[in-house]
Amino acid sequence: MAITRKANKLPQTAVLKQILKRCSSLGKKDYDNEDGLPVDVPKGHFAVYVGQKRTRHIVPISFLTHPDFQTLLRRAEEEFGFDHDMGLTIPCDEVVFLSLTSMLR
């Protein structure tokens, strides 16, 4: 039974790593360090774009493991995929996103 659980976790882990890799290199065009990461995104965080105006928000990586945030990520993947120029775009109203993330902090 433990082997089955571990097998089920691998795809999710791989997806989360893919999201982090993709998100960590996006954002502002001002890159200051040798890794090419945005200078305004603290270590342990990543940028997402939310709402009609695609407002940029910086969120902790720990959100990636929360079931409600994972639901948003699945919706983002269904609607936009993870391979587009804008960065990780979350398809929900900004007010809803802010309400959810304030509960996760």
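pLDDT is the predictor's confidence in each residue, from 0 to 100. The model shown is predicted: local features need pLDDT of at least 70, side-chain atom pairs count only at pLDDT 80 or more, and totals for chains, interfaces and linings use all residues. Residues are numbered from 1 along each chain as its sequence is written, and side-chain values use heavy atoms, with hydrogens and water left out.

**View 1. Confidence along the chain.** The chain has a mean pLDDT of 76, with 61% of its residues at 70 or more. Helices (H or I, at least four residues) and strands (E, at least two) are DSSP runs, numbered from the N terminus. Among these elements, strand β2 (residues 55-60) has the highest mean pLDDT, 94. Helix α1 (residues 2-24) has the lowest, 53. Residues 1-9 fall below 50, and this stretch has zero contacts in the model beyond near neighbours in sequence. A contact means heavy atoms within 4.5 Å. Residues 25-31 also have pLDDT below 50; beyond near neighbours in sequence, that stretch has 18 contacts.

**View 2. The three-stranded sheet.** The strands form an open sheet in the order β2-β1-β3, with mixed pairing. Two strands pair if DSSP finds at least two bridges between them. β2 and β3 are the edge strands, each pairing on one side only. β1 and β2 run antiparallel, joined by six bridges. Within this pair, A47 stands opposite I58 in β2. β1 and β3 pair in the parallel sense over two bridges. Here V50 stands opposite I90 in β3. Four residues lie between the strands of the β1 and β2 hairpin, where G51 takes a positive phi near 85°.

View 3. Buried means under 20% relative accessible area, exposed over 50%, and partly exposed in between (1.4 Å probe, protein chains only). Five of the six residues of β1 are buried, so this strand is largely enclosed by the rest of the structure. A nonpolar core is a set of buried Ala, Val, Leu, Ile, Met, Phe, Trp, Tyr and Cys residues joined through side-chain atoms within 4.5 Å. The largest such core has 17 residues. V48, F69, L88, I90 and F97 have the most contacts inside it. β1, α2 (67-79) and α3 (94-104) each supply at least two residues of this core. α2 gives the most, with four residues.

View 4. F97, L100, T101 and L104 are the buried residues of α3. They cover an arc of only 95° around the axis, so they sit on the same side of α3. That arc is taken from the directions from the helix axis to the C-beta atoms. V95 and M103 are exposed on the other side. Cover for the buried residues includes β1, β2, α2 and β3 (89-90).

**View 5. H57 in strand β2.** H57 lies in β2. Its relative accessibility is 14%, so H57 counts as buried. Its side chain makes a polar contact of 2.9 Å with that of E94. A polar contact is a pair of N or O atoms within 3.5 Å; within protein, one must be able to donate a hydrogen and the other to accept it, and residues adjacent in sequence count only if both atoms are side-chain atoms. Leaving aside neighbours within four places in sequence, H57 is in contact with F46, A47, V48, V50, E94, F97 and L98.

View 6. G44 is found in the loop between α1 and β1 (45-50). At 35% relative accessibility, G44 counts as partly exposed. G44 and P60 are 16 residues apart in sequence, yet 5.9 Å apart in space, C-alpha to C-alpha. Beyond its neighbours within four places in sequence, G44 is in contact with V59, P60 and I61.
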